[in-house]
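Reader: I have a model open and want to learn to read it. Please take me through it step by step.

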Amino acid sequence: MTLRVYNTLSGKKEEFHPLSPPKVGIYACGVTVYDYCHIGHARAAVAFDVIARYLRFSGYDVTYVRNYTDIDDKIINRSNEQGVDWKDLARTFIEAHDTDMGALGVQRADVEPRATDYIDQIIGIVKTLEEKGVAYEVDGDVYFEVEKFDGYGKLSKRNIEEMQAGARIDVDERKRNPIDFALWKSSKQGEPAWDSPWGKGRPGWHIECSAMSAAILGQPLDIHGGGKDLIFPHHENEIAQSEAAGDREFVRYWMHNGFVNIDSEKMSKSLGNFFTIREVLEKYRPEVVRFFLLSTHYRSPLDFSDRALTEAETRYERFMNLFARAARAEPQDRDLTEKERASTSVLTGEIETHFRAAMDDDFNTAAAIGHLFTALGPLNAILDSADAEGRGVAAGWKKEVDAFFRKVGGVIGFFEGGIADGEAWFSAGVGGDGTLEKARAMALERVEARKNKDWAKADELRDEIGELGYAVQDTPQGPVLIPLKDA
RNA sequence: GGCGCCAUGGCCAAGUGGUAAGGCAGAGGCCUGCAAAGCCUUUAUUCCCCGGUUCGAAUCCGGGUGGCGCCUCCA
């Protein structure tokens with residue numbers, strides 16, 4: 001099976017052939033660090049995290065680069081508003097970003113460059129563009145002259161005339177054409193500034209990505225991605241700069257993730273309808289949020305709601321329940337039974353094949369996870385019959401189940417601890433204050449009551465345990481305490 | 001106004017011309033002292049509407065209708 005990737009440039013799925021296999025270079029646009037990240041940022045980060053993970057899983061030697069834009073008008077404005085040094089502001093939100101994304105299981109990129117560390121390279125490109133006559137300086141600002149670049153509009157599928165017709169940009173008279181964009185901006189008094197051939201100034205918005213991607217990965221890049229909202233103007237402008245400066249193709253595969261919506265509308269800062277990752281994590285566990293984000297194909301819109309998050313939790317817990325049961329089952333030192341063997345060969349056969357086929361089809365995590373659900377029935381059935389017959393399962397069976405979920409989980413960023421994750425899930429955040437010990441003692445007392453068929457007392461004890469914040473499950477392996485939700 | 005994307009069961013959702021994955025919710029059954037968890041069965045002759053291409057279309061083409069996005073900072 002070959003990997004197929006939807007390329008925004010062609011508007012089609014294409015077979016993926018990196019420039020120099022097995023090496024693959026990915027550059028994903030990161031965030032501008034002036035505020036906390038919201039769920040939309042999380043979606044982009046998780047989407048490209050999975051893309052990098054799956055490429056590695058498929059045997060590619062991946063270099064994943066994700067930048068921080070740490071110099072920009074928004075950062076300057078915000079630092080002025082708050083009276084905080086812009087560098088401190090950027091540092092604060094880089095750290096917050098790393099914490100939040102880390103919580104969601106987003107792996108660190110191989111290189112995480114900051115725009116301000118690449119000022120020399122940025123100036124270099126701007127100089128080249130100026131020398132080539134596609135950029136011009138006005139009062140310390142340098143603009144890219146869009147009309148001089150033939151392919152302008154090829155990514156966002158629009159042409160210069162249309163844009164001029166529909167332009168509602170406030171016209172800067174100094175620009176030769178309203179659609180020309182800034183490569184370099186002169187600094188006002190007190191603003192962050194670097195020395196340049198055009199005087200003190202700072203980079204324009206788009207140039208940093210051209211500079212950093214070329215410096216780290218070279219040109220062309222295999223994959224460049226980000227949210228759909230970056231297609232225009234950000235990525236379109238990057239193409240213009242990089243191709244004009246480098247005289248060669250900039251990016252082979254452009255990948256863009258869809259938005260997170262609230263009531264079918266794009267979540268965005270300007271609409272004010274956004275939730276930060278931190279806010280969401282106060283209510284839902286990180287695995288649930290990640291599961292939610294991957295439950296729809298990365299290019300489709302994804303509606304954020306309590307209902308959707310709750311469903312993601314229910315779905316995720318199906319796996320946790322299986323894992324907890326499997327871990328609890330007594331491992332027996334014997335060969336696998338016929339049925340046990342059949343259940344695991346479905347895992348590594350049919351299900352894994354389907355899983356990979358889905359991922360090969362433009363990283364279709366929704367379909368891939370769907371196939372994982374089909375493992376639940378047969379596996380739970382094995383545990384059902386083991387319980388019914390009052391025995392355990394073959395140690396080898398547990399090992400295979402564990403290995404399978406670690407393997408596929410590694411691709412989508414779940415199940416790192418294998419079946420041990422189940423018990424960990426249901427015991428997270430409990431204990432410490434002695435209530436768990438109390439509840440355990442009562443559960444044991446309840447076992448006695450049940451032996452004596454004293455159902456009244458058993459139910460009473462269950463209620464009392466409930467008051468301590470736990471539900472009791474009676475399993476063949478004894479009582480299991482599960483923390484109650486919203487307790 | 002220009003360009004583009006999307007419309008699949010009560011809800012979410014996959015679906016790359018060959019006869020509708022998966023999940024949630026619901027119903028019934030099994031298991032259980034009762035539960036919980038779990039298992040089994042069950043819920044779209046049909047994919048917004050109308051035409052067309054084809055032996056065959058949810059999938060391709062044309063036209064509608066509805067929703068959304070970009071065109072200004074934005075993942």
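Reader: Leaving aside neighbours within four places in sequence, which residues is Glu145 in contact with?

Author: First, the ground rules. This is a predicted model, where local features need pLDDT of at least 70, side-chain atom pairs count only at pLDDT 80 or more, and totals for chains, interfaces and linings use all residues. Residues are numbered from 1 along each chain as its sequence is written, chains are lettered from A and ligands numbered from 1 in the order in which they are written, and side-chain values use heavy atoms, without hydrogens and water. Contact means heavy atoms within 4.5 Å. With those sequence neighbours set aside, Glu145 contacts Gly133, Val134, Ala135, Tyr136, Arg176 and Asp180.

Reader: Is Glu145 buried or exposed?

Author: Buried means under 20% relative accessible area, exposed over 50%, partly exposed in between (1.4 Å probe, protein chains only). Glu145 has 11% relative accessibility, so it counts as buried. The residue sits in the loop between strand S6 (141-144) and helix H5 (160-165). Helices (H or I, at least four residues) and strands (E, at least two) are DSSP runs, numbered from the N terminus.

Reader: How do I read a nonpolar core?

Author: In soluble globular proteins, nonpolar side chains tend to be buried together. A nonpolar core is a set of buried Ala, Val, Leu, Ile, Met, Phe, Trp, Tyr and Cys residues joined through side-chain atoms within 4.5 Å. Here the largest one has 138 residues. Leu55, Phe144, Phe319, Phe363, Trp397 and Phe405 touch the most other members. Helix H1 (residues 39-57) gives the largest share, 11 residues. Domain 1 (4-266) and domain 2 (315-425) each supply at least three. Those domain bounds come from an automatic or database domain assignment. A second, separate core has nine residues, including Leu436, Ile465, Tyr470 and Leu481.

Reader: Which residues of H17 are buried?

Author: Ala458, Leu461 and Ile465. They lie on the same side of H17, because their arc around the axis is only 65 degrees. That arc is taken from the directions from the helix axis to the C-beta atoms. Ala456, Asp463 and Glu467 are exposed on the other side.

Reader: What do the buried residues of H17 pack against?

Author: Their partners are helix H16 (435-451), strand S16 (470-475) and strand S17 (478-483). After H17 comes Gly469, with a positive phi near 105 degrees.
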